[in-house]
Amino acid sequence: MNPPAYSCFVDRDKMDSAIPDLGPKELSCMELPELKQLARQGYWARSYALRGQVYQRLIRDIPCRTVTPDASVYRDIVGKIVGKHSSASLPLPEFVDNTQVPSYCLNSKGEGAVRKILLCISNQFPDVSFCPALPAVVALLLHYSADEAECFEKACRILACKDPSRKLVDQSFLAFESSCMTFGDLVNKYCQAAHQLMVAVSEDVLQVYADWQRWLFGELPLSYFARVFDVFLVEGYKVLYRVALAILKFFHKARAGQPLESDSVKQDIRTFVRDIAKTVSPEKLLEKAFAIRLFSRKEIQLLQMANEKALKQKGITVKQKRQFVHLAVHADNFHSEIVGVKEMRDIWSWVPERFALCQPLLLFSSLQHGYSLTRFYFQCEGREPTVLLIKTTQKEVCGAYLSTDWSERNKFGGKLGFFGTGECFVFRLQPEVQRYEWVVIKHPELTKPASLESTSLESTSLESATVSSSPSHSLSSESSDRLSPFLATRHFNLPSKTESLFMAGGSDCLIIGGGGGQALYIDGDLNRGRTGHCDTFNNQPLCSENFLIAAVEAWGFQDPDIQ
């Protein structure tokens, strides 16, 4: 068998060691279903020539803007941009944010070529302001390109994709930051044990999750990153979330029981990813990634949009120092009759990332406002989301995170009707901590996504806002400029309504969760309550099944800039 004809940018010895070539293969079909299966199986992973051909074909088929720079543009501009500078001494564009260029199996000529290509991309894409993933993408593509111009064209096509539903790489700080928040939300739902560890050892857990793209685009060895990129080109951005979640799961398993320090956890994960071959093979990593049954691409896109909107409302559109999320609950100005600072921080670690920067704001306290459900509604209306806290006379503590404004109850004409979204969850804090999320999150087999028409992002003038732009009532409900809520039940084909009975309120009672029972029921005098299993959250009783109430509180979310 003849040795593979590597490009002039590749160090042959390193490449032979990293990805041994098993010879040429042929690919007779380029239809998406077959390609998806072949990419996951690694069909072209050990054929240098075939991988190059597949990359060329897949990237060529990306729908791009009418004017997209091609190889001829590169040949025209590279001399003017690089000038007489040595390739190795070329500065990197600002949009890479001081990201190190991974060399993988490139020789010195290849390392210099990456810098040249990045500078030329910067010249042709002035609207790209933040893209730390691009050096790794260019470096990988250069391994499988005949020359610099071909690599440049491939990278440009990835950046110039015009299909709004086919996000490939983040190109602004706003997009990058909202992706980090979205990843944090997904960790919170799909890697709860790892999330608890990160919360316990991190001063700011979102700063840890903000590193997730670096795990993939920089720290992963070439043989792993190339396998991820194979599937990414076929299936899109969602693959990146899957693999990063799998990495975090393997990290948690490997480090379980070992001490972690808050100032080193980011570096510990980076080191783990660089040395991942000691723990798991590329095949096992992808197997774990695709065993995670994530929400639909459309649903994740809604979450991403909600996170972007929240960032815009906080004025976070360019890179800036972020307040520690962990310190959103300040010990010196937080007071509750039901929970302490540590318990409130535990609750705050569970809420969606777009609200985690906000400070808790006491809306209702039975000890201050009286034991009246009518007063409870009055104090809470105009706010979403809210956190409900209950303390029983037996000193048990439980509650719920409620995604939707209580004023929604008025739409049912005085009758008891359920509303809310799948972001709602219930929990208990005493005698032990336990959270119960929407049953569909852990059991997606109960449903399948509704038709694309019913979840269209262009036609969603919908009932419940995810966030608000009101400066005086942070995150309150508004009727204009609304996104379709993340995890709205109409996006799912549920077998019955019992899996979507999130919250209901009438003049004589308040109910959280339904179907086969109620997670929480509170009477109109805020005096008595009961709890039991319900289909919506598939929960155990949150405290004694029948209880007397000692105190009730409702908390809202206040932007730290608003006093």
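In this predicted model, helix H4 packs against H7 through Ala71, Tyr74 and Arg75 on the H4 side and Glu148, Ala149, Glu150, Phe152 and Glu153 on the H7 side. Contact means heavy atoms within 4.5 Å. Four of these residues are nonpolar, none is polar and four are charged. The nonpolar class holds Ala, Val, Leu, Ile, Met, Phe, Trp, Tyr, Cys and Pro; Asp, Glu, Lys and Arg are charged, and the others, including Gly, are polar. The axes of H4 (residues 71–82) and H7 come within 8 Å and cross at roughly 120 degrees. H4 is therefore oblique to H7. Axes are lines fitted to C-alpha atoms, for helices over the stretch in contact, with angles from 0 to 180 degrees between N-to-C directions. Angles under 35 degrees are roughly parallel, over 145 roughly antiparallel, 65 to 115 roughly perpendicular, and the rest oblique. The crossing of H4 and H7 is right-handed, meaning that the near helix is turned clockwise from the far one by less than a right angle. Helices (H or I, at least four residues) and strands (E, at least two) are DSSP runs, numbered from the N terminus.

Residues are numbered from 1 along each chain as its sequence is written. Local features need pLDDT of at least 70, side-chain atom pairs count only at pLDDT 80 or more, totals for chains, interfaces and linings use all residues, and side-chain values use heavy atoms, without hydrogens or water.

H8 and H13 form another contact. Ser179, Thr182, Phe183, Leu186, Val187 and Tyr190 of H8 meet Tyr241, Ala244, Leu245, Leu248 and Lys249 of H13. This set has eight nonpolar residues, two polar and one charged. The H8 and H13 axes come within 11 Å and cross at roughly 50 degrees, so H8 is oblique to H13.

The largest pocket is lined by 30 residues; Pro164, Arg166, Lys167, Leu168 and Gln301 lie nearest its centre. Elements giving two or more lining residues are H7, H8, H12, H13 and H16. H16 supplies the largest share, six residues. A pocket is an open set of points on a 1 Å grid over the protein atoms alone, where a 1.4 Å probe fits, with protein on both sides within 12 Å along at least five of seven lines; lining residues have an atom within 4 Å of a point.

Two cis peptide bonds can be described. One joins Glu384 and Pro385, with omega about 0 degrees. Another joins Gln430 and Pro431, with omega about 10 degrees. Lys395, not a glycine, has a positive phi of about 70 degrees.
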